[in-house]
Amino acid sequence: MKITEKVLLENEFYLYSENGGGPASHSITNGKLAILNDKQRLEFSYPYNQPTFTICHAILAEGRKLFLIVSDWLEDEGLYILSFSDSASSYAIVGEGLTGFLVIDGLAYLLYHEEGVYHTHSDNQLNGYSMYALLKWNPIQNEMVRVLPDEFLPIDDANSFCYDGKGNLYIFYYGEVNEIYGDFCLKYNLATNQGEYYTVPTYYYGSYYYDNRCFGFDGKGIMKFNSEMEPMDYTALDMSEMNDIIGGYQELVIIKEDKSYSVYK
């Protein structure tokens with residue numbers, strides 16, 4: 001397992017991508033949002049009145065498309081998702097309970113724990129997203145829709161998810177399968193809408209897919225699974241002062257309270 005250790009500066013955040021990531025910083029001046037990392041400087045039109053925000057998670061997708069999960073953007077509405085491209089920008093309420101975030105083919109996939117708490121008023125008829133653990137946001141149409149059909153709804157607590165680049169999501173969760181409660185992984189194909197269930201040993205807070213294998217982080221170390229989602233190898237890690245976990249594509253990033261971070265792949 002390859003491990004890279006670095007430190008984020010005070011104004012930096014981790015910018016994720018489908019092929020890796022690294023530290024980046026942002027600024028807003030003269031109607032422009034600028035993103036600077038060690039490879040390039042990106043600028044996008046910024047037409048909003050909110051001059052500052054805190055970046056919680058960030059993904060740079062193909063075609064210079066930037067997706068940000070931010071807080072402190074509007075008062076009393078929780079988290080927001082912002083999307084920027086060379087031609088447009090848009091945003092939507094993320095709300096509460098977000099536990100995973102991926103961008104696939106220009107669409108944002110949002111994973112929620114606690115039965116899909118999409119907003120403070122998630123049980124309101126005007127919202128209607130309660131019980132949906134996985135949502136998909138189209139930034140061009142600014143439309144938020146559910147992903148999983150009814151037969152996959154018994155997900156009580158979604159932990160994390162990752163993508164294999166071949167059309168399959170791997171969703172780790174606590175819930176019910178055949179009237180039995182426990183920890184499972186749902187392999188869900190986005191093209192066929194078909195899924196396979198696998199029993200896993202425990203709760204996985206973060207996950208990623210690398211070298212044709214799925215990996216899960218249980219809070220103390222990383223488990224490697226085979227193609228049948230059976231445990232293969234386990235690597236124990238030093239988790240002192242752990243602050244945040246970012247994963248989902250081909251690496252897992254663990255950020256500590258002192259802004260140091262480790263990348264595992």
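The following legends describe close-up views of a predicted model.

**View 1. Strand β6 and its pairing with strand β2.** Strand β2, residues 12-17, pairs with strand β6, residues 54-61, in the parallel sense. Three bridges make up this pairing. Within it, leucine 15 is placed opposite alanine 58 of β6.

**View 2. The hairpin of β6 and β7.** Seven bridges link β6 to β7, and the two strands pair in the antiparallel sense. Isoleucine 55 faces valine 70 of β7 across this pairing. Three residues lie between the strands of the hairpin, where glycine 63 adopts a positive phi near 75°.

View 3. Serine 71 belongs to strand β7, which spans residues 65-71. Its relative accessibility is 15%, and because buried means under 20%, serine 71 counts as buried. Beyond its neighbours within four places in sequence, serine 71 is in contact with Phe53, Thr54, Cys56 and Leu79.

**View 4. The open sheet of strands β10 to β13.** Four strands form an open sheet in the order β10-β11-β12-β13, with antiparallel pairing. At its edges stand β10 (98-104) and β13 (143-146), each of which pairs on one side only. From one strand to the next, the twist averages 25°.

**View 5. The pairing of β12 with β13.** Strand β12, residues 134-138, runs antiparallel to β13 and is joined to β13 by four bridges. One of the residues involved is leucine 135, whose bridge partner in β13 is arginine 146.

Terms used: Residues numbered from 1 in each chain as written. Predicted model: local features only at pLDDT ≥ 70, side-chain atom pairs only at ≥ 80, totals over all residues. Heavy atoms only, no water. Buried < 20%, exposed > 50% of the residue type's maximum accessible area, 1.4 Å probe, protein only. Contact = heavy atoms within 4.5 Å. Pairing = 2+ DSSP bridges. Axes fitted to C-alpha atoms, helices over the stretch in contact; angles between N-to-C directions.
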